[in-house]
Amino acid sequence: MNRSDGSLVSSSTGVFYPYQHQDFYAMDSLFLSPLKQEEVWDFQSVTQVHLGFLGFLTLRGFLRESLSLPKLQVKGLSKFWKTYLAKVNFLGKGVPWESQEFIPNLVSDSLVPALTFSGKGHWTSEFHWERQDKDTTSVFFSATNKQSEGDIAISDLMKDFLQYSQAHHYLERAYIRKENSSYLYLNSKETNPRVFFRENPTDLPEFLFLVAELKIKSPTHPN
């Protein structure tokens, strides 16, 4: 059906089956596919916690919320997912999706992300999350319900993010997405950074999304 903002939403119910991989383009194709009126996401094949999947899932939830659609449902979460989500009380942070299986709120010493990176108030809904695993930090940022006039440049987001992250990390790869285009940033110690641009038009409302993987700098690592 057509909604008031021109986006298309199917009246049917959809069940989605993501599988474990590292490809941001593949995540994009699945998680930014046309919305269904009711959705269930079965994570049984995504056994390990990966912030790319969590970020895209959360973005889709916020997009559904902006269209007043029912919360998407998630099932098939592995013990690794359940333990992580419970320790950080992720579902208690106001995220727009629900687990069909019980996930308790565990008391733990896990650090809550410092929410110092944001979109400067261009959006009504902004959500930033980080996860540290040994020498790697993963980050995602989701922004929906635009409240400012004019275009918001991806380059501005990337500039702010680099300034935010470079103090203690170096960026390995990042994926930045708007409703009509995307940038994939790949860094390497052997070559100069590479950036790939794609035009990816969708029928979704305006949004801004970033997911990135960073390595913690060693004391001898150059800036």
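Helices in this tour are DSSP runs of H or I with at least four residues, numbered from the N terminus. The model is predicted.

**Stop 1: the end of α3**

Select helix α3 and go to the residue that comes after the helix. Asn-89 follows α3 and has a positive phi, near 50°. Most residues other than glycine have a negative phi. Asn-89 has its positive value although it is not a glycine. This residue is found in the loop between α3 and β4. With a relative accessible area of 23%, Asn-89 is partly exposed.

Now go back into the helix. Trp-81, Tyr-84, Leu-85 and Ala-86 are the buried residues of α3. They pack against α2, β4 (97-99) and β5.

**Stop 2: Ser-68**

Select Ser-68, in the loop between α2 and β3. Ser-68 is another residue that is not a glycine but has a positive phi, here of about 60°. Is Ser-68 buried or exposed? Ser-68 counts as exposed, at 64% relative accessibility.

**Stop 3: helix α1**

Select residues 24-31, which make up α1. Phe-24, Tyr-25, Met-27, Asp-28 and Phe-31 are buried in this helix. Turn the view to look down the axis of α1: the buried residues fall within an arc of 160°, so they line one face of the helix. Show the surroundings next. Among the elements that cover these buried residues are β2 (35-42), α2 (51-66), β7 (169-178) and β10 (207-216). The cover also includes β8 (181-186) and β9 (194-199).

At the N-terminal end of α1, select Asp-23. Asp-23 caps that end, with a side-chain oxygen 2.9 Å from the backbone nitrogen of Tyr-25.

Arg-173 has its charged end over the ring of Phe-24, 4.0 Å from the ring centre. Arg-198 lies over the face of Tyr-25, and its distance from the ring centre is 3.7 Å.

**Stop 4: aromatic pairs**

How many aromatic pairs does the structure hold? There are 17 aromatic pairs. Select Phe-56 and Phe-209 for one of them: this pair is tilted, at 4.7 Å centre to centre with 50° between the planes. Phe-56 belongs to helix α2 and Phe-209 to strand β10, so the pair ties together parts that are 153 residues apart in sequence. Both Phe-56 and Phe-209 are buried.

Then select Tyr-183 and Phe-197. They form a tilted aromatic pair, with 5.1 Å between centres and 55° between planes. Tyr-183 is in strand β8 and Phe-197 in strand β9, 14 residues apart. Tyr-183 is partly exposed, with a relative accessible area of 32%. Phe-197 also counts as partly exposed, at 46% relative accessibility.

Ring pairs also build a cluster whose members include Phe-16, Phe-24, Tyr-25, Phe-31, Trp-41 and Phe-43.

**Stop 5: Ser-182**

Select Ser-182 in strand β8. Its relative accessible area is 0%, and Ser-182 is buried. The side chain of Ser-182 makes a polar contact of 3.4 Å with the side chain of Tyr-175. Leaving aside neighbours within four places in sequence, the residues in contact with Ser-182 include Tyr-25, Ile-176, Phe-197 and Arg-198.

**Stop 6: Arg-60**

Select Arg-60 in helix α2. Arg-60 counts as buried, at 0% relative accessibility. Which side chain is joined to that of Arg-60 by a polar contact of 2.7 Å? The partner is Glu-39. Not counting residues up to four places away in sequence, Arg-60 also touches others, including Phe-16, Leu-30, Phe-31, Pro-34, Trp-41 and Leu-72.

**Stop 7: the nonpolar cores**

The largest nonpolar core has 42 residues, of which Phe-43, Leu-54 and Phe-90 touch the most other members. Elements that give two or more residues to this core include α1, β2, β3 (72-75), α3 (79-87) and β5 (123-133). The most comes from α2, which gives 8 residues.

Select Leu-54 to look at its contacts. Leaving aside neighbours within four places in sequence, Leu-54 is in contact with Trp-81, Tyr-84, Leu-85, Phe-90, Trp-97, Trp-129 and Phe-140. Another core, of 16 residues, lies apart from the largest one; Phe-141, Phe-161, Ile-176 and Leu-208 are among its residues.

Technical notes. Residues are numbered from 1 along each chain as its sequence is written. This is a predicted model: local features need pLDDT of at least 70, side-chain atom pairs count only at pLDDT 80 or more; totals for chains, interfaces and linings use all residues. Side-chain values use heavy atoms; hydrogens and water are left out. Buried means under 20% relative accessible area, exposed over 50%, partly exposed in between (1.4 Å probe, protein chains only). The arc is that of the directions from the helix axis to the C-beta atoms. Contact means heavy atoms within 4.5 Å. A polar contact is a pair of N or O atoms within 3.5 Å; within protein, one must be able to donate a hydrogen and the other to accept it, and residues adjacent in sequence count only if both atoms are side-chain atoms. Rings of Phe, Tyr and Trp (its six-membered ring) pair if their centres lie within 6.5 Å; planes under 30 degrees apart count as stacked, over 60 as edge-to-face and the rest as tilted. A charge sits over a ring if NZ of Lys or CZ of Arg is within 6 Å of the ring centre and within 35 degrees of the ring normal. A nonpolar core is a set of buried Ala, Val, Leu, Ile, Met, Phe, Trp, Tyr and Cys residues joined through side-chain atoms within 4.5 Å.
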